[in-house]
Amino acid sequence: MNFILASGSPRRKELMEMLGVNNLKILPAKGEEKPPAGAQPEELVMALAAAKAEEVAPQAGENDVVVAADTIVWFEGEAFGKPHSKEQARQMLRRLSGNTHHVYTGVAVLRGGVERLGYECTAVHFRDVSDEEIERYIHSGEPMDKAGAYGAQGLGALFVRGIEGDFFNVMGLPLCRLDAMLKEQGVGLL
């Protein structure tokens, strides 16, 4: 049995390896992410995670476990994905500054044709961040491949005043939720 991670995210790969998963294959989903119109954040991330898992599933062996995830930052009724430009990153960070937002990650676990879907939501409290700090952070390059334009496990941690919920969810893979879903599929990590 192999674990197939339907993601090219280095953070998700790191987290799976941290759990001791050595039989890990990385097969990133390449399809265009098409969020369902008008979806609530939990529906959105679960639908996108399911689409990734289902795209990669035909490449999996009979006993393999496909794990897919999708993460967004949700603020004032809007989903913040990865910024497409430095200006978009700047706008996201300015809006998040001094406010609380929510990070949603949808998880899909697929094994033997049976799919489990779940999600996790974590509240993240940002301190007030100056325009100069935002500019230096953007110059670091870190925000460009992260939902909401920040990484809580890197320099972006300097903006995070507090977190309520699963820290690993903010990194893009809620480990406690994933473990429960894997157990439902007959796979234990411990």
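Trainee: What makes G77 count as exposed or buried?

Mentor: The model is a predicted one, and the relative accessibility of G77 in it is 58%. Exposed means over 50%, so G77 counts as exposed. G77 sits in the loop between β3 (65-75) and β4 (78-80). Its C-alpha atom is separated by 34 Å from that of E17, although the two are 60 residues apart along the chain.

Trainee: Which other residue is found in the loop between β3 and β4, and what is its phi?

Mentor: E76 is found in that loop, and its phi is positive, about 50°, although E76 is not a glycine. Most residues other than glycine have a negative phi.

Trainee: Why is E76 called exposed?

Mentor: Its relative accessible area is 63%, and the limit for exposed is over 50%. E76 is therefore exposed.

Trainee: Where does A149 lie, and is it buried or exposed?

Mentor: A149 lies in the loop between α4 and β7 (160-164). Its relative accessibility is 0%, and buried means under 20%, so A149 counts as buried. The phi of A149 is near 70°, a positive value in a residue other than glycine.

Trainee: How do you know whether A108 is buried or exposed?

Mentor: A108, in strand β5, has a relative accessible area of 0%. Leaving aside neighbours within four places in sequence, the residues in contact with A108 include A49, A50, A53, V66, V67 and A68. E115, R116, L117 and M181 are also among its contacts.

Trainee: What makes D128 exposed or buried, and which residues does it contact?

Mentor: D128 is in the loop between β6 and α4. Its relative accessible area is 60%, which is to be set against the limit of over 50%, so D128 is exposed. Leaving aside neighbours within four places in sequence, D128 is in contact with S97, G98 and E133. The C-alpha atoms of D128 and S97, 31 residues apart along the chain, are separated by 4.9 Å. G98, another of these contacts, follows α3 and has a positive phi near 75°.

Trainee: How do you know whether the size of the chain agrees with that of a compact globule?

Mentor: For 190 residues, a compact globule would have a radius of gyration near 16 Å. The chain has 17 Å, which agrees. Along the principal axes, its C-alpha atoms fill a box of roughly 50 × 35 × 25 Å. Buried residues make up 47% of the chain.

Trainee: How many helices and strands does the chain have, and in what order do the elements run?

Mentor: The chain has six helices and seven strands. From the N terminus on, the elements run β-α-β-α-β-β-α-β-β-α-β-α-α. Among contacts with a separation of 6 or more, 66% are between residues 24 or more positions apart.

Trainee: What can be said of the surface and the charges?

Mentor: The accessible surface comes to about 9200 Å², and 49% of it belongs to carbon and sulfur atoms. There are 20 positive and 27 negative side chains, and the centres of the two sets lie 4 Å apart.

Terms used
Residues are numbered from 1 along each chain as its sequence is written. This is a predicted model: local features need pLDDT of at least 70, side-chain atom pairs count only at pLDDT 80 or more; totals for chains, interfaces and linings use all residues. Side-chain values use heavy atoms; hydrogens and water are left out. Helices (H or I, at least four residues) and strands (E, at least two) are DSSP runs, numbered from the N terminus. The radius of gyration is taken over C-alpha atoms; the globule rule is 2.2 Å times the number of residues to the power 0.38. Buried means under 20% relative accessible area, exposed over 50%, partly exposed in between (1.4 Å probe, protein chains only). Contact means heavy atoms within 4.5 Å. Accessible areas come from the Shrake-Rupley method with a 1.4 Å probe; for residues, only the protein chains shown count as cover. Lys and Arg count as positive and Asp and Glu as negative; His and the chain ends are not counted. The place of a charge is taken as NZ of Lys, CZ of Arg, CG of Asp or CD of Glu.
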